[in-house]
Amino acid sequence: MIASKTSLTLGTEHFRPANERVNAALEVSDTVELNEVFAQRYLGSALPKGKNLLVNGTPGNDMACYMDGGTIEVFGNAQDQIGNTMNDGKIIVHGRCGDAAGYAMRGGAIFIRDDCGWRVGIHMKQYESKCPCVVVGGNAGNFLGEYLAGGVILLMGTAGEYLATGMHGGVVYLKNKLKDHQVLPGLMQKEAGPEDKAVIHALLAEYNKHFAEELGAPVDDSGDGFWCLRPISAKPYAAMYTN
């Protein structure tokens with residue numbers, strides 16, 4: 001019989017035995033709550049649909065790597081590379097995250113209440129109905145959306161330098177319009193249209209669902225005032241390799 005919920009305390013336990021205990025608990029429970037989490041790595045690796053992790057503390061690198069449909073909610077900050085090569089599911093962080101969140105992500109959604117580090121969304125991609133999404137409520141470090149091949153990144157705060165370097169697919173939605181010199185060669189910035197606003201509305205409505213109470217008020221989810229950053233060409237490097 002599957003239990004509805006199991007609680008574990010990790011403390012300073014090494015990440016290998018900690019993950020063994022977490023995975024054993026997930027075998028018998030749909031939801032596992034982790035307390036006193038102190039940077040244990042790989043929590044929720046390959047977490048399947050129907051399984052949930054509630055994390056109280058600071059999970060370590062590569063949380064939710066290869067996640068395949070489960071849900072992880074972090075009540076605190078998260079470290080680097082959350083959602084690494086994530087295929088499906090949802091990550092909710094009630095704080096900030098480190099670098100390279102959503103690295104090579106190909107499905108699912110990541111909601112970050114506050115800021116994020118460098119190279120978030122690097123190498124994100126999409127295929128047919130699979131469209132990964134990353135929503136950042138605060139500011140982003142440098143190289144957000146680097147080599148973006150598909151999917152959606154939505155940034156409420158200010159972007160760092162080298163935004164969307166090498167981008168050749170997908171879209172970055174920006175609350176703060178870039179100055180002309182900030183738009184890198186091969187990219188174009190346009191005001192969000194009706195179709196874009198529908199996507200923005202859906203993502204921000206979900207963001208509000210998770211964070212509005214903590215923030216004291218919901219953010220405006222109309223999509224008004226947003227800007228879209230897209231590649232001019234799907235093959236920005238073609239001239240480097242072909243005549």
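A: In what follows, buried means under 20% relative accessible area, exposed over 50%, and partly exposed in between, computed with a 1.4 Å probe on protein chains only. The model is predicted, so local features need pLDDT of at least 70 and side-chain atom pairs count only at pLDDT 80 or more, while totals for chains, interfaces and linings use all residues. Residues are numbered from 1 along each chain as its sequence is written, and side-chain values use heavy atoms, with hydrogens and water left out.

Side chains of opposite charge can pair when their charged atoms come close. A salt bridge is here a side-chain nitrogen of Lys or Arg within 4 Å of a carboxyl oxygen of Asp or Glu. The structure holds 10 salt bridges.

One of them joins Glu-146 to Arg-119, with the closest N and O atoms 2.6 Å apart. This pair links distant parts of the chain, 27 residues apart: Glu-146 lies in the loop between β7 and β8 (149-155), and Arg-119 in the loop between β6 and β7. Helices (H or I, at least four residues) and strands (E, at least two) are DSSP runs, numbered from the N terminus. With a relative accessibility of 4%, Glu-146 counts as buried, whereas Arg-119, at 31%, counts as partly exposed.

Another salt bridge is formed by Glu-206 and Lys-90, whose closest N and O atoms are 2.5 Å apart. Glu-206 belongs to helix α2 and Lys-90 to strand β5 (residues 88-93), so the pair ties together parts that are 116 residues apart in sequence. Glu-206 is buried, its relative accessible area being 17%, while Lys-90 is partly exposed at 23%.

Glu-214 forms a salt bridge with Arg-113, and here the closest N and O atoms are 2.8 Å apart. Distant parts of the chain are again linked: Glu-214 is in helix α2, and Arg-113 is in the loop between β6 (109-112) and β7 (133-136), 101 residues apart. Glu-214 is partly exposed, with a relative accessible area of 41%. Arg-113 and Glu-214 also belong, with Asp-114, to a network of salt bridges.

Helix α2 itself spans residues 194-215 and includes Ala-198. Ala-198 is partly exposed, with a relative accessible area of 46%. Its C-alpha atom is separated by 20 Å from that of Ala-212, 14 residues away along the chain.
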